[in-house]
Amino acid sequence: MAKAPAKPANPYDDLDDDARYQVEIAAPFKVGRAWVRPGQKATLTGRIIKDNADGVSAVQPLDR
Amino acid sequence: MQRKVNFTDNQQVTLEDYNNLGNFPRESMDNVVKDLGGFPVGRYSGFVAEQTGQSVVRVSVGRLFASSGAIFGFDAEGGQTLDFLQHLPAVAQKIATVIVYGNTINTDVEPRTQLVDVESEDTQSAELSTENRRQAYVDFVLGQENATPQAPAIQSNYIAVANVLLTPSGVASITRITANEVTSIYGNSEQIADHTRRFAQVGPQIDTLKTDISGLAAALRAKADFAMVSAMSYDLARVKERVDLPDDHAAYGSDIFWTDDESDTAHPDYSARTEQGLRFPSAAEAVVALELDNPIEDRVIVNNGMALPKFSTVIRLSANGKDGEYPLTNTTVQTVQLVQRTEARTVRRYSTTETQGGSNDSWWKTAASVNGMSLSQVGAIFKRNGELYEVVNYYTNYDPLYAYSYAAGTRQAYERVTLRKFTEETMNDYYTDRVVSTENVTGSIVAQTMLNSQDGYLVGFNWFFTRKASAGDVRYVVCEMKGNEPDLNAVLVSNVVPPASIAIYPAKTEVRFKPIFQQKGKRYAVVLMSNGAHFVATVAGNKLAQGNIQYMIDGSWIQGDPSVDMAFEAVYASFTSPIVQVSLKALELAGGIDSVKLNLDALIPDGSKLDFDVRVGAKWVPLAEAAAHVALLSNLPSILPIRANFVGTTDVMPALGLGEDRTEVTLSRPDEDLCHISTVRTMPAPMDEATVTLLVENWDSDDHDIDVVLLTGGSYTTTVTPSAQIIQVDPARENAVKVVASFTFGSPVSSFKIKITGETGGSARVYHVSERVDVEFT
């Protein structure tokens with residue numbers, strides 16, 4: 001019996017859930033009532049980034 | 001009975017006479033039934049149908065009353081039996097309608113001897129009918145067999161008496177058709193008596209129904225009808241969609257930062273400015289007064305803090321002479337309150353780094369949508385520091401390109417011109433009671449009204465006194481008119497002439513005062529008040545023609561002799577030059593000036609103009625032309641030379657306030673950090689989520705930064721950061737972005753404050769938040 005492919009690890013697992021990060025958006029997703037879309041300057045918490053990892057292309061800690 | 005047959009002694013009687021013995025009563029009876037009965041179709045009486053066997057019905061005797069008035073009788077002994085056995089339905093049901101109809105027949109045939117020859121008296125025997133009868137007949141008409149049977153249609157000369165419901169097993173029911181039954185007079189009488197009793201009970205209520213309905217109609221007129229409310233609900237739903245209000249939102253709020261009434265300015269972290277948007281605070285600020293550079297400048301004449309270009313005087317209105325005299329103490333002594341009006345204001349703003357309110361789309365749209373801003377918003381424009389400045393009414397011209405008036409000829413009291421970096425806001429009322437001073441004055445009061453035929457500045461009067469007392473000042477007041485009476489609540493100038501200064505006719509008593517602008521076509525009044533026994537000269541024969549004398553008695557104005565006027569001369573200003581440039585004291589702010597805000601008392605008549613130039617480097621630049629992208633003060637000069645340009649005609653020129661009482665000049669440069677904290681936002685119920693949206697203008701995406709957090713907890717010290725904050729470019733406005741911050745609370749929150757922090761990051765531009773909207777959800 002073939003072994004099921006392993007689920008890829010979430011690249012943002014190491015982020016702090018409550019910390020805020022400057023994020024580049026790859027695909028639109030909804031946070032609460034607001035849509036986050038590519039091209040917008042978005043600041044998200046680590047928890048939101050993990051929940052929407054597919055839509056995030058780059059993460060940078062907020063420098064302040 | 002209409003007709004009867006007459007017989008006399010020995011009269012020969014004909015056969016017709018005998019027959020008429022019956023015909024005449026029948027005729028009368030027919031008329032009675034026809035006229036008093038008035039049946040449109042026949043009616044019946046009697047004919048009671050009852051079931052006597054399984055399929056047998058017996059109909060009792062009765063009468064048929066035809067619409068013609070004829071009465072047909074049915075008097076068969078025992079009635080008539082109708083047997084439906086042969087007509088019972090096979091499966092379902094059927095209705096047989098019992099009908100009656102009439103026919104006139106000759107009956108009761110008997111053998112009678114008939115005389116055939118009178119002379120021979122021969123007779124013969126014959127079978128003769130001895131009775132003419134109107135006979136009613138009973139029969140039935142069958143309907144169709146059906147599960148839900150219908151009564152059959154019957155001919156118009158039949159009268160339906162009863163419906164007999166037939167089933168396969170026989171007669172199921174008999175229903176008497178009472179609608180065709182004749183109603184007796186007794187029955188009618190009983191019904192009328194019943195109605196009368198009922199009407200007596202409800203009559204009083206019916207009598208007041210008209211009043212009640214009128215009351216209801218009056219109440220209904222004040223109500224919106226359902227269709228309107230329904231339409232409004234639809235519109236509101238569309239508006240919610242347009243302004244991005246979620247359908248399930250539970251609470252919401254917004255601030256356009258016109259005033260700081262929704263700002264927690266006492267918060268220790270608060271560092272912001274609310275001035276047509278939320279703006280960065282000043283890093284340094286100086287508030288100074290506008291002064292003449294040369295205190296003895298001879299190009300202008302300063303009177304009561306108002307500077308007018310140099311002028312000479314000219315007499316424009318004259319009623320000279322002495323045809324009589326009027327004692328100033330002629331009427332009872334009154335105490336009146338004078339409400340002094342003051343010159344209107346103009347506010348000019350210039351900023352190098354900030355954009356002005358014209359690009360602040362939010363409040364400007366608000367202003368347009370409600371046909372004007374709130375009074376507190378207008379008041380905030382012209383208010384000076386620490387001053388109670390109440391606006392009670394105004395007209396607005398929010399768009400100089402599409403100026404409009406509320407009524408033809410109405411001069412709007414507030415006008416605005418906005419360029420990108422420069423704003424000019426002017427109250428167009430020449431004199432305003434928005435800042436008032438009042439005083440109480442006692443004396444006998446007399447007034448002379450006058451019509452001003454052309455724009456100009458009134459600077460004084462020449463009075464003619466015929467006698468004077470040794471004591472008692474004469475107070476003169478120039479005021480506007482309300483209707484046809486002097487308005488002491490709109491006083492333009494009020495001064496006193498002591499007895500020693502009063503000259504006796506023909507000498508003039510000259511009084512001069514602060515120039516008062518008088519509009520063409522407007523009526524004014526000069527009011528004299530005194531306790532002294534002074535006499536003024538009067539002229540007769542309506543020499544002035546455009547005014548009259550009025551006296552105040554018991555607080556009311558009374559018109560005097562219409563052909564008599566006070567003798568006087570009105571003195572006006574005649575300006576030497578139509579263009580005058582005056583240097584003002586240079587503006588100074590240590591460390592550099594970025595923004596200039598001039599809040600000035602000013603009077604700018606139609607056809608005149610008041611502008612300011614500032615010197616940048618070696619060049620004088622009009623402040624108003626520092627529009628668009630001109631960064632006039634980008635080098636942050638610490639000293640800014642400024643001059644005023646008065647432009648007009650020899651009759652009208654603008655007047656400019658000078659000094660601390662009439663001017664407030666704010667010089668500033670913005671700080672690099674912003675921190676605004678709202679007042680407490682209290683929710684109607686605990687909320688789970690919140691979204692705060694900011695509209696930010698003059699945004700520099702490279703350097704600017706902004707953050708929104710919520711403060712919760714008992715003393716609002718717990719910071720809740722947004723789970724997401726996005727900044728999206730607003731395509732409809734240049735350099736504008738929308739900041740959307742979404743919050744999710746760990747546990748429901750009943751109240752919070754909104755904290756906005758920002759940095760300019762060394763940018764040459766400074767942004768402002770023109771609107772904040774928050775929406776909360778359960």
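This is a predicted model: local features need pLDDT of at least 70, side-chain atom pairs count only at pLDDT 80 or more; totals for chains, interfaces and linings use all residues.
Strands pair if DSSP finds at least two bridges between them; helices (H or I, at least four residues) and strands (E, at least two) are DSSP runs, numbered from the N terminus. Across this pairing, Leu587(B) sits opposite Leu640(B) of E40(B). The pair belongs to an open antiparallel sheet of 4 strands, ordered E36-E40-E38-E39 in chain B. Its edges are E36 (579–588) and E39 (619–622), each pairing on one side only.

A quick note on conventions: residues count from 1 along each chain as its sequence is written, with chains lettered from A and ligands numbered from 1 in the order written. Local features need pLDDT of at least 70 and side-chain atom pairs 80 or more, while totals for chains, interfaces and linings use all residues.

Next comes helix H2(B). None of its 23 residues is buried (20 or more other C-beta atoms within 10 Å of its own, C-beta atoms being placed from the backbone), so H2(B) lies largely in the open.

As for the two chains, 13 residues of chain A are in contact with 13 of chain B, contact meaning that C-beta atoms, placed from the backbone, lie within 7 Å. On the chain A side, E3 (34–36) and E4 (41–45) each supply at least two residues, and E4(A) gives the most, with 5. E4(A) also pairs with E47 (residues 724–729) of chain B, antiparallel over 4 bridges. There, Leu44(A) has Ala724(B) as its bridge partner.

Methods. A residue is buried if 20 or more other C-beta atoms lie within 10 Å of its own, exposed if 12 or fewer, and partly exposed in between; C-beta atoms are placed from the backbone.
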